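Please look over the sequence and the model, then read the sections below.

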Amino acid sequence: MFTPAAQAMIGQLGLKKGRANLEEFADTLLALATADRNIIAVTSDSRGSGKLAPYGKALPQQIIEVGIAEQNLVGLTAGLAASGKKAFGVSPACFLTARSLEQIKNDVCYSNVPGVLVGISAGVSYGALGSTHHSLHDLAALRAIHNLTIIVPADNFETREAVRFAASATRPVYLRFGKSAMFDLHPAGTKFEAGRAIPLREGRDVAFLATGETVVHALLAAAHLTGQGISARVLSLPTVKPLDTAAVLAAGRECRAVVTVEEHMVHGGLGEAVASTLLEAGLHPKFKIAGLPDEDTVTGAQADIFRHYGISMEGLSATARELLGS
Amino acid sequence: MTDSELALKAVALRQRMLRLIHDAGAGHTGGGLSCLDILNVLYNRILRVTPETADDPRRDRYVQSKGHCVEALYAVMADRGYFPDAALDTVGHYQSYYVGHPTRKVRGMEMNTGALGHGLPICLGLALAARMDATGARIFTLLGDGELAEGSNWEAAMAAAHYQLDNLVAILDHNTLQITGRTRDVMSNEPLADKWRAFGWEVRPVDGHDYAALTAALTAPPPAGKPLFILANTVKGKGVSFMENVGKWHHGVPSDAELATALAELAAAGKKLSEAQA
């Protein structure tokens, strides 16, 4: 995943490796559901990939298997949620947000039931399985649906907090998790609030506004740039919708360049959300959306794909320098 | 309420539904008339829910999967007292909650439906929750026969039997017509009874305009562990001679003259029923 230089920077920043957000999700849900029998997980032959096998063993009465049937998964989740259950529909993001998009739109969001949709192995987590298993469209598709909070955690802390938020939310929530082990990015005592960005590093030349599994790369790039005399801000934006417009506008006002970073196609995701927020406020810093371009995705593991498209310390540093003309 | 009282009420409900569609300038006339007797029986005999208990977590629930026939449902629910009849004068109007498909902003509506193939999966969730909470509630949905081409129905049919949801009832408004024409020509779905039996359901074919038969089929509990499928054979456009079995009345809106004719025809039928009762 990381070049030797990036690994050295990880050491310099003292980042500790946690585990996959998916695993953190599953354990957090198990803990919450153990205390609250109203929490129900719904799976589509996905309890293994969702790391929910221990949950299923511990709480067999609080998990429902629908088989490989994502439309039924979301409709059924909506029905449970309409009955006062805290239902978590868990399925690979690629299927959940494409096959059953209409159920998400109508049964959950339009009916306004507090269902939680959990897209697992999201983005290019499934890497070499190919594009059938990638979800590079989900943020775009879901951002265009009213009444859905979209959260893409960057590390185990954000994951834990996002799951807790979702369990107590009174409106629909989409959570998106990858399956690579994540570095812990936040110091103890960090506050998580849905809809709020979390600052990771202050800076004035360039701001990296990143979400999900790309945040660590933005952080490394910022540290790298500092060594080259460039002051780089990093914001983690776990909540893609509603966007923390205050934090976005502050970055656009205070920094000469803004780079958004996401494990998603460059269309319709975090980058375009940030772009429209800045433009509508009359701000036009140098701007670049770092994501996956509108092309057949290069083949390979998640790390290969990230590197290929410049979602790496080196790639993001170069993007920033190019924008800054330095 | 006796069968003949229900039949008399159905005349008034059909009249109200037709006036509503005429006034709104849009609506699903043929399918509304085909499912109206089913709704009449459900709301006035079967469902253990009233306007007063519409928020009770233990209530029976009805989700209209064929959401486009909401005008029939509006007429039945207004009559039942869920909302004032005057609300129906706003159907389709700017800023009215009374739109062309059910939404939860209307009191008593359980879910927002209208895209087909959604009601049954939702009802699985409702039925599972009712069983977890041991509320004793039964969950009902109404499907259209054209709607059965949606694969999500069959995902849910499989899961309902797998989970032995004997508190779940799916009613098919089997009027054999859809927007393009005869369902058998558009996408044949027969043999329906065999299909649902093969999926593990208790299947009860019934005349969907026969109150006694509908009531019996909906009342008798299915064998333990079996979801219940009521194959209600109906007539699209039922009750208005020139609308019966005529494709264009799928969402045809009666003109002033057609409305007058239809209302008069229904009034005559009502008069006959009253005389028979007296």
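## Burial and overall form of chain B

In this predicted model, 49% of the 278 residues of chain B count as buried. Chain B contains nine helices and seven strands. Its radius of gyration is 18 Å, close to the 19 Å that the globule rule gives for 278 residues, so chain B is as compact as a globular protein of that length.

Taken along the principal axes, the C-alpha atoms of chain B fill a box of roughly 50 × 45 × 45 Å. Of the contacts in chain B between residues at least 6 apart in sequence, 78% join residues at least 24 apart.

In helix 10 of chain A, the buried residues are A:Ala247, A:Val248, A:Ala251 and A:Gly252. They cover an arc of only 135° around the axis, which puts them on the same side of the helix. An α-helix has 3.6 residues a turn, so residues three or four places apart point the same way.

The cover over these buried residues includes strand 10 (206-210), strand 11 (232-236), strand 13 (257-265) and helix 11 (270-280) of chain A. The face turned away from the buried side carries the exposed residues A:Ala246 and A:Arg253.

## A:Arg253

A:Arg253 belongs to helix 10 (residues 245-254) of chain A. It counts as exposed because it has 12 C-beta neighbours inside 10 Å, and a residue with 12 or fewer is classed as exposed.

A:Arg253 and A:Gly282 are separated by 29 residues in sequence, and their C-alpha atoms are 9.7 Å apart in space.

Definitions and conventions:
Residues are numbered from 1 along each chain as its sequence is written. Chains are lettered from A and ligands numbered from 1 in the order in which they are written. This is a predicted model: local features need pLDDT of at least 70, side-chain atom pairs count only at pLDDT 80 or more; totals for chains, interfaces and linings use all residues. Helices (H or I, at least four residues) and strands (E, at least two) are DSSP runs, numbered from the N terminus. The radius of gyration is taken over C-alpha atoms; the globule rule is 2.2 Å times the number of residues to the power 0.38. A residue is buried if 20 or more other C-beta atoms lie within 10 Å of its own, exposed if 12 or fewer, and partly exposed in between; C-beta atoms are placed from the backbone. Two residues are in contact if their C-beta atoms, placed from the backbone, lie within 7 Å. The arc is that of the directions from the helix axis to the C-beta atoms.
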